[in-house]
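Please examine the structure shown below.

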Amino acid sequence: MKGTAKQALGYGLGAVGKDMVYALVSGFILYYYNDILGISGTFTGVMMMAARVFDAFNDPLMGVVVEKTNTPFGKFRPWIFTGTVTNALILYGMFAMPASLTGTAMLVYASAAYVLWGVTYTLMDIPFWSMIPAITSSGKERENLSVIGRTCAAVGYAVPTVLTMLLVVRLGSGEREGFAIFAAAVAVVFVVTELVCVALVREKLTERQKAATVKEMFSALIHNDQAMVVVVGIVVFNASLYLTTQLAVYFFKYDIGNSDLFSLFGTVGGVGQILSMVSLPLLRRRWGGKQILVGALGVTIAGYLALFALSMAGVRAVAPLAATAFVIYIGFGLATVLTTVFLADTVDYGEYKTGRRNESVVFSMQTFVVKLASAVSVLIAGVGIDLIGLDDTAAVQTESTLLGLRLLMVALPVAGLVFSILYFVRKYRLTEAENARISEALRQREGSKG
């Protein structure tokens, strides 16, 4: 990529910090609210989906706000700083609910904290990812920065996945206090890494377009059909994996009988995810992005089927369970990087079609749909654990409950991934050749203005 090693370092560290926060919330908020605080899974799922209805309007509006921002520090970095500080404070408050709150007061606090967390996360996440198409050109340069960002994000995501269940039972006087302490530590790391990102990443100085109206920006987004294709794909395959993550805590605690193994599952999966991300440039020498995506999702499906077979056979050995995590996350890692590249390419496509370049409006959809995917997974998991009769006070769960848990954790994600494959094959048209043609057309258009 163009630019300095400092810029790459700053962007990578920023990705680590922000995804540590996201992993803690998306992976453990259901467990914390349901198993620790005693709030029903159904309430948590419905509350999170209601928050996503709000985000459907809030996130694109934030994208518009970023597009209209013009400061001496650029249009992205001021919002990254503001969102980080406020989100870190709310993150701690969400996992440090006062013990005096019960009943309705507890539900109000939990709901308000989660909604405010989502709003402030949007403040920094949209401008963070919007920088990719703004500071890179289509092709290898953009792909390299996407790999750096997504690989470092995977590292950040892996940290809470691995450490949370190991540490919260060992910090403080119990899991409730342990979550508060761990959330405080994550919040501090988050602030430090984003400050480094803001200090080291420099935005390109470009001639500003005439400010568009909100209506014009939303119109440009709606008419970007390829961006909408990527958005749908991100929702479905992220929700599929997040559903497994939500339920894996319960799976290892109640089915396997050892919650510490969840950390091992996350560790091995994280290694697979990171290795697959850094291997993307090698794979791209032989295959196109769409081919790699289909293959990646196919690998993840194979991992899911193996996990289901092992669970039904009563296998409790560490090695085979860890192997399935490795396979599942290999595919997810590749798909995550590729969809980021695809979405960045749709910015060029949108400019080619409409004459307007709206990075933040397009990437506001990524922020929204990733949070939507998390909410969908929590809704399904929350309602699901209530329906299958999972009892966190029982020493042993019934066989029907364990079967329901396995089906929720594996069968539904497989269905979602199959849909994603069929959908991308049919709908996504921005091949490497088409992107090159669009980039050349945009260069010629820019040259004619001069």
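Five cavities of 30 Å³ or more are counted, a cavity being a set of points on a 1 Å grid over the protein atoms alone where a 1.4 Å probe fits but cannot get out. The model is predicted: local features need pLDDT of at least 70 and side-chain atom pairs count only at pLDDT 80 or more, while totals for chains, interfaces and linings use all residues. Residues are numbered from 1 along each chain as its sequence is written, and side-chain values use heavy atoms, with hydrogens and water left out.

The largest cavity has a volume of about 280 Å³, where volume is the space filled by probe spheres set on the points, and grid points are joined across faces, edges and corners. It is lined by 24 residues, of which Asp19, Arg150, Tyr242, Thr336 and Val370 are the closest to its centre; lining residues have an atom within 4 Å of a point. Helices 1 (5-36), 4 (103-135), 5 (140-167), 8 (225-256), 9 (260-278), 12 (318-354) and 13 (359-387) each supply at least two residues of this lining. Helices are DSSP runs (H or I, at least four residues) numbered from the N terminus. The lining of the largest cavity has 12 nonpolar, seven polar and five charged residues, with Ala, Val, Leu, Ile, Met, Phe, Trp, Tyr, Cys and Pro taken as nonpolar, Asp, Glu, Lys and Arg as charged, and the others, Gly among them, as polar.

Helix 5 packs against helix 12 at an angle of about 135°, with the axes 9 Å apart. Axes are lines fitted to C-alpha atoms, for helices over the stretch in contact, and angles run from 0 to 180 degrees between N-to-C directions. Helix 5 and helix 12 are therefore oblique to each other, as angles under 35 degrees count as roughly parallel, over 145 as roughly antiparallel, 65 to 115 as roughly perpendicular and the rest as oblique. The contact (heavy atoms within 4.5 Å) involves Arg142, Glu143, Ser146, Val147 and Arg150 of helix 5, together with residues of helix 12 including Thr336, Asp345 and Asp348. By class, the contact of helix 5 with helix 12 has four nonpolar, three polar and five charged residues.

Helix 8 and helix 9 also pack at an angle of about 135°, with axes 8 Å apart, so helix 8 is oblique to helix 9. Here Thr245, Ala248, Val249, Phe252 and Ile256 of helix 8 meet Leu261, Phe262 and Phe265 of helix 9. This contact of helix 8 with helix 9 divides into seven nonpolar, one polar and no charged residues.

Technical notes
1 Å grid on protein atoms, 1.4 Å probe; cavity = no way out; pocket = protein on both sides within 12 Å on 5 of 7 lines; lining within 4 Å.
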